[in-house]
Amino acid sequence: MGYAKGSIDEMGEGPGFRKVRRELGVTAFGVNAVIYPPGQEGFLHYHDEQDELYFVYVESTTPRRINNRADEDLVLFIVGGKDGYVARDGQLVDVERDLPRRQAFTTSEK
């Protein structure tokens, strides 16, 4: 049985997604970390299929939004999947409001 290790800091800079799955070679499920800068408001979204595990369990079709109201970056570690890894299937609830903000936020992905 092999193993992999890494550091979120080595997976990118600034706000946005860190592709933990890709960096560590995980194939059975999705794994991301998300950096939310101070004051960052999340995006109300749901997934077509994959459930996600935050600090609490969230079913795939439950709309949710993450906000960072602190004075420091929030590091959000996300594990999601359905019978193995599912490609990005997140859907915005309010596309007109959130799509431009999400596109700007995800440009910092590594």
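Author: This is a predicted model. D98 and R101 both sit in helix α2, 3 residues apart, so about one helical turn separates them. Their side chains meet in a salt bridge, with an N to O distance of 2.6 Å.

Reader: Is D98 buried or exposed, and is R101 buried or partly exposed?

Author: Buried means under 20% relative accessible area. R101 has 28%, so R101 is partly exposed. D98 has a relative accessible area of 0%, so D98 is buried.

Reader: Which residues are linked with D98 and R101 in a network of salt bridges?

Author: D98 also forms a salt bridge with R97, the closest N and O atoms being 2.9 Å apart. R97 is partly exposed, with a relative accessible area of 36%. The network that holds D98 and R101 also links E41, R65 and R97.

Reader: With which residue does E52 form a salt bridge?

Author: E52 is in strand β4, and its partner lies 12 residues away in the loop between β5 and β6, so the pair links distant parts of the chain by the strand and loop assignments. The closest N and O atoms are 2.9 Å apart, and the partner is R64.

Reader: How many salt bridges does a search of the whole structure find?

Author: In general, side chains of opposite charge can pair when their charged atoms come close. The pair of E52 and R64 is a salt bridge, as is that of D98 and R101. A search of the whole structure finds 6.

Reader: D89 is buried yet has no salt bridge; which side chain of opposite charge is nearest?

Author: D89 is in the loop between β6 and β7. The side chain of D89 makes a polar contact with the side chain of H47 at 2.5 Å, and a polar atom of the D89 side chain lies 2.7 Å from the backbone nitrogen of E49. A salt bridge needs the atoms within 4 Å, whereas the nearest side chain of opposite charge is 7.2 Å away: R64.

Reader: Which element gives the largest share of the lining of the largest pocket?

Author: The largest pocket has a volume of about 460 Å³. Of its 30 lining residues, the closest to the centre are F17, N32, H47, E52 and R88. The lining divides into 14 nonpolar, 7 polar and 9 charged residues. The largest share, 5 residues, comes from β2.

How values were computed:
Residues are numbered from 1 along each chain as its sequence is written. This is a predicted model: local features need pLDDT of at least 70, side-chain atom pairs count only at pLDDT 80 or more; totals for chains, interfaces and linings use all residues. Side-chain values use heavy atoms; hydrogens and water are left out. On a 1 Å grid over the protein atoms alone, a cavity is a set of points where a 1.4 Å probe fits but cannot get out, and a pocket is an open set with protein on both sides within 12 Å along at least five of seven lines; lining residues have an atom within 4 Å of a point. Grid points are joined across faces, edges and corners, and a volume is the space filled by probe spheres set on the points. Helices (H or I, at least four residues) and strands (E, at least two) are DSSP runs, numbered from the N terminus. Ala, Val, Leu, Ile, Met, Phe, Trp, Tyr, Cys and Pro count as nonpolar, Asp, Glu, Lys and Arg as charged, and the others, Gly among them, as polar. Buried means under 20% relative accessible area, exposed over 50%, partly exposed in between (1.4 Å probe, protein chains only). Lys and Arg count as positive and Asp and Glu as negative; His and the chain ends are not counted. A polar contact is a pair of N or O atoms within 3.5 Å; within protein, one must be able to donate a hydrogen and the other to accept it, and residues adjacent in sequence count only if both atoms are side-chain atoms.
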